[in-house]
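Here is a colleague's note for a first look at this model. Please read the points with the structure open.

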Amino acid sequence: MTSLLHTAPRYAAACLSTSTPPVRATDVLVLGGGFAGAGCARRLERLLPKDAHITLVSSENYFVFQPLLPEVVGASLSPAHVISPLRHLLRRTEVVRGEVTAIELAPDPDVGGALAGRVTVVAEGGGETVVYAPKHLVLALGSVVDTSRMPGMAEHSLPMKNVADALALRHAVISRLERAVLESDPDERRALLTFAVVGGGFSGVETAAEINDLVRSALRFFPSLRGEPLRVVCIHSRDQILPELDKRLGAHALKVLQKRGVEFRLAAMTRAASREGVYLKDGELIAARTVVCTVGNAPHPMLKALAPAGSNRLPTDAFLRLQGRTTVWALGDCAANPDGHGGVSPPTAQFASRQGDVAAANIAAALRGKPPQPFRHKSLGQLATLGHRNAVAAVGGLKITGFVAWWLWRTIYLMKLPRFDRKLRVVIDWTLNLFFPRDLNALAMQPTARHGTIHLEAGEQLFQQGDPSGAFYVVESGKVRLTRCDADGCEAASDLLGPGEHFGEGSLLRQGVRATTATAVEPTRVLAFPAAEFRVLTNSFRGLRKLLDATSRRFQPANTILPKWVPAERLRATVATIMSKDVVTLPATACLQDCIRTLLDKRINAFPLVDAKGRLAAIVTSTDVFAALRADSDLQQPLLPLATRDVQCVEATTPIERAVEIMRRRDVKHVVVLDGDRRVVGIVSIKDVLRLVAGAAAG
């Protein structure tokens, strides 16, 4: 592969326990399980022979029927009824749940049988890594939410992109009603009962309508809130809502929703969001404790390098192939596909489904050596529900409003909903809603991972050297041993961490893969902070990042710490060649006054404390002495409680490079050299290492 268009950093594993990710060949690799991706795979199953291998990679193992998500918010549908397991829909396709971490495109093949490129996939949860080598690659990863252009929107708004978002929004709406019951401050209660929706397109209008229906129908179950002003405010930058529809239909939708109590701020630009609500550019603050954002789509992170500068979508030719490629296809929201009539396909489910079918037919033709067919499609119509058995629809040349449009909306989407069991469940939900009140259970479903606790038994590994980085860890209880192996698989460094100590920051700050293996020495609990939270915290807190950057270099080998002119063979010599053998020690029974006198008389910065048999008990440094004096300690106080008990020790046969690495890793200036009975035979200090460096420079 010579053309690397986009890839995550990759590093060779430094330990024999880490193997190169396996490479799997496949005829067609589809990235994305939405309307375009799943539709393409389903059609390929019908068009390709049974021995053809189709693989689909998706971050979730289910297909989401997104047009029905607003009804999940309004408690008209169960969230489980708008999703379908991909393995139910795709019987011959190998469905892989994982995240795409690298896309490497090969030079466009001139002959049949060449590969489209390589795609690296990490299994859900950050486990197994696999590299796929497909003959044809389909990019249908869709888009992601990006609200970074509006200050505070990412922190203080709720998105409407997937099932977790819809359920989280429903939970938030019902929770605001519950909080308003107990709120005594009238201003805060008004803010709790105000719901702001940013965006006046299909998603924004339908979401605002469902929220309005939900909160107004729920009032009869909240007697203390009767008479309180309920507000649902939709903010739109244009002068017409539903701009994709005919102006008459947009005006009708506006009139219907205003009549039912929804407020609109048209031709209004959102400046920022905060915990107080939404700020408009004209200075108005809409005080709301619930802000929904339905704008701000951005290309999938793995596709940014493939999109032209200033564009959010991948350009394709008339056959849906990525421009300049014959075996790479781009579909759905992430692609700018010509519609065959002089325009560009809009990012809607209708066009995505049709693109999936056409791309599948063209891929099948290419595998058979036949020419592809251009994509041509005109919109069959557009529909938008306004809640309360009302909708607007543009079907062909017909403009329909009211109950008939609502019935048509439900009928069409019910027909397009995959699988009979899901259709039946949705019909049952809709029927029950005619006779029973909406579900007011505040079911919480966190769409974003938070830090959690992991329990490990003795001997269990948290991660291995070479694994992808996924989290930052803090030891809560127990002990974790970190080990690093060299290229020959031999242990090159080891460190034992106890409660309050941390690890995992190095791979998150720099290399992207684990530099060590983490193993529990005893039953252990660690706090895990996901990579996304870690990056937000370290990017904002520069002092913390500087500190973690220093500690992250604990496992650097000695040849990267010391100057390059120090010969490698000199570093492999034993510490016995540089250690100080006439070690000044004090008995463990000595007092602080004895320590100060010894430091002054001998002009040293540290010395070991030994027991009656001469075995190491602790080490005292000038830092320990200054800490005791600052604490106004009695000069006759026993020295042992003030000393450092966790002493870094080596044997006389230990290579110098190991002693240097220990000093760096544990941030100490002295390493004590012991014999087999733990008696002190020498000490290595920073001064000894400097003499080694100076000698190498002079030589």
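1. Terms first. Two strands pair if DSSP finds at least two bridges between them. Helices (H or I, at least four residues) and strands (E, at least two) are DSSP runs, numbered from the N terminus. The model is predicted: local features need pLDDT of at least 70, side-chain atom pairs count only at pLDDT 80 or more, and totals for chains, interfaces and linings use all residues. Residues are numbered from 1 along each chain as its sequence is written, and side-chain values use heavy atoms, with hydrogens and water left out.

2. A hairpin. Strand β28 (residues 480-485) and strand β29 (residues 491-497) pair in the antiparallel sense, over 6 bridges. Arg-484 has Ala-493 of β29 as its bridge partner. The two strands form a hairpin with 5 residues between them. Gly-489, in the turn, has a positive phi of about 85 degrees.

3. A three-stranded sheet. The order is β36-β37-β38; the sheet is open and its pairing is mixed. β36 (649-651) and β38 (680-685) are the edge strands, each pairing on one side only. Neighbouring strands are turned by 35 degrees against each other on average, direction ignored. Axes here are lines fitted to C-alpha atoms, for helices over the stretch in contact, and angles run from 0 to 180 degrees between N-to-C directions. Strand β37 (residues 670-674) runs antiparallel to β38, joined to it by 5 bridges. Leu-674 is bridged to Val-680 in β38.

4. The helix on that sheet. α19 lies across β36, β37 and β38, and runs at about 135 degrees to β37. How many residues of α19 (residues 656-666) are buried? The count is 9 of the 11, so the helix is largely enclosed by the rest of the structure. Buried means under 20% relative accessible area, exposed over 50%, partly exposed in between (1.4 Å probe, protein chains only). Just after the helix, Asp-667 takes a positive phi of about 55 degrees.

5. Salt bridges. The rule is a side-chain nitrogen of Lys or Arg within 4 Å of a carboxyl oxygen of Asp or Glu. It gives 25 salt bridges. One of them joins Arg-410 and Glu-71, at 3.6 Å from N to O. Arg-410 lies in helix α10 (residues 403-416) and Glu-71 in helix α2 (residues 69-73), so the pair ties together parts 339 residues apart in sequence. Both Arg-410 and Glu-71 are buried.

6. Asp-421 forms a salt bridge with Arg-419, the closest N and O atoms being 3.2 Å apart. Asp-421 also forms one with Arg-422, at 2.9 Å. Arg-422 counts as buried, at 11% relative accessibility. Arg-419 is partly exposed at 29%, and Asp-421 is partly exposed at 22%.

7. Nonpolar cores. A core is a set of buried Ala, Val, Leu, Ile, Met, Phe, Trp, Tyr and Cys residues joined through side-chain atoms within 4.5 Å. The largest has 93 residues, and Leu-68, Ile-211 and Leu-242 have the most contacts inside it. Helix α7 (residues 202-218) gives the most to this core, with 8 residues. Contact means heavy atoms within 4.5 Å. Residues that Ile-211 touches include Val-73, Leu-169 and Phe-195. A second, separate core of 25 residues includes Leu-137 and Cys-334.

Conventions:
Lists of a residue's contacts leave out its neighbours within four places in sequence.
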